[in-house]
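Please read each point with the sequence and the model at hand.

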Amino acid sequence: GYEKLGYNDLEKAERALKKGFNYSDLRLDYFNEFAQVLLLQGKFNEAEKSVKDYVQRGTFYEYFPYTTLGHFYFVAGMYDLAMEQYEKAREAGYKFYENSEEYSRYMFVAEETKEYQKIVDMAQDYLKKWGPDADTYFNIAVGFFNLAEKEKAKEFFLKALELNKKYEEYQPLFAPQ
């Protein structure tokens, strides 16, 4: 709501969301929005505490606390903490590659934290689930390139290029002629 109402109305949004908790104190979207409002007000500690309290009460799946906290840290731009939580979620059985938004977040966080092996591993899981995809092949190529595995990077780059010619501009980097 702050985008339409202006930053001065973040306190109103905070009050409205707190009222919403009286109707349902387990609605994830209320807590996500509440945390976002607090973050926009510069109240990181309060936002983090709210999310942590929520996941202790609303654990629906073993991985739920980790994905929820990971997403909070993602929104807060704290990518090391996000990756820590995302890895706990993955270890608890969560399959990020089954949800495009969460897969994208995981891949972004892995890139920001320079976790290139995790990019390769997650992208390969994605391929197993969804089949050939140029963007995924390219992600794997970039991961291998940053891991200094040039031959593997070239192999996956050529697969990406075969499926989508938009990658031609990167040929000098991966497969110089």
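Predicted model: local features only at pLDDT ≥ 70, side-chain atom pairs only at ≥ 80, totals over all residues.

**Notes on the helices and loops**

1. Ala 148 is exposed, with a relative accessible area of 59%. Here buried means under 20% relative accessible area, exposed means over 50%, and partly exposed lies in between, with a 1.4 Å probe and protein chains only. Ala 148 lies in the loop between helix H9 (134–146) and helix H10 (150–163). Its phi is positive, about 65°, although Ala 148 is not a glycine. Most residues other than glycine have a negative phi.

2. Residues are numbered from 1 along each chain as its sequence is written, and side-chain values use heavy atoms, with hydrogens and water left out.

3. How many helices and strands are in the protein chain? There are 11 helices and zero strands, where helices (H or I, at least four residues) and strands (E, at least two) are DSSP runs numbered from the N terminus. Read from the N terminus, the order of elements is α-α-α-α-α-α-α-α-α-α-α.

4. The protein chain has 177 residues, of which 40% count as buried. Among contacts with a separation of 6 or more, 44% are between residues 24 or more positions apart. Contact means heavy atoms within 4.5 Å.

5. Lys 114 is in the loop between helix H7 (100–112) and helix H8 (116–130). Phi of Lys 114 is near 60°, a positive value in a residue other than glycine. Lys 114 counts as exposed, since its relative accessible area is 58%.

6. Two packed helices are described by the angle between their axes and the distance between the axes. For H9 and H10, the axes come within 8 Å and cross at roughly 160°. Axes are lines fitted to C-alpha atoms, for helices over the stretch in contact, and angles run from 0 to 180 degrees between N-to-C directions. H9 and H10 are therefore roughly antiparallel to each other (angles under 35 degrees count as roughly parallel, over 145 as roughly antiparallel, 65 to 115 as roughly perpendicular and the rest as oblique).

7. The crossing of H9 with H10 is left-handed, a term used if the near helix is turned anticlockwise from the far one by less than a right angle, with right-handed used if clockwise. Residues making the contact include Ala 134, Tyr 137 and Phe 138 of H9, and Phe 156, Phe 157 and Ala 160 of H10. By class, the contact residues divide into 12 nonpolar, no polar and three charged. Ala, Val, Leu, Ile, Met, Phe, Trp, Tyr, Cys and Pro count as nonpolar, Asp, Glu, Lys and Arg as charged, and the others, Gly among them, as polar.

8. Is Ala 160 buried or exposed? Ala 160, found in helix H10, is buried, with a relative accessible area of 0%. Ala 160 and Ala 134 are 26 residues apart in sequence, yet 4.1 Å apart in space, C-alpha to C-alpha. Not counting residues up to four places away in sequence, Ala 160 touches Ala 134, Tyr 137, Phe 138 and Tyr 167.

9. A further helix pair is formed by H5 (residues 64–75) and H6 (residues 79–91), whose axes come within 8 Å and cross at roughly 160°. That angle makes H5 roughly antiparallel to H6, and their crossing is left-handed. Among the residues in the contact are His 71 and Phe 74 of H5, together with Tyr 86 and Lys 88 of H6. The contact has 10 nonpolar, four polar and one charged residues.

10. Arg 105, in helix H7, counts as buried at 19% relative accessibility. Leaving aside its neighbours within four places in sequence, Arg 105 is in contact with His 71, Phe 74 and Tyr 86. By contrast, Glu 62, in the loop between helix H4 (44–57) and H5, counts as exposed at 61% relative accessibility. Glu 62 and Lys 88 are 9.8 Å apart in space, C-alpha to C-alpha, and 26 residues apart in sequence.
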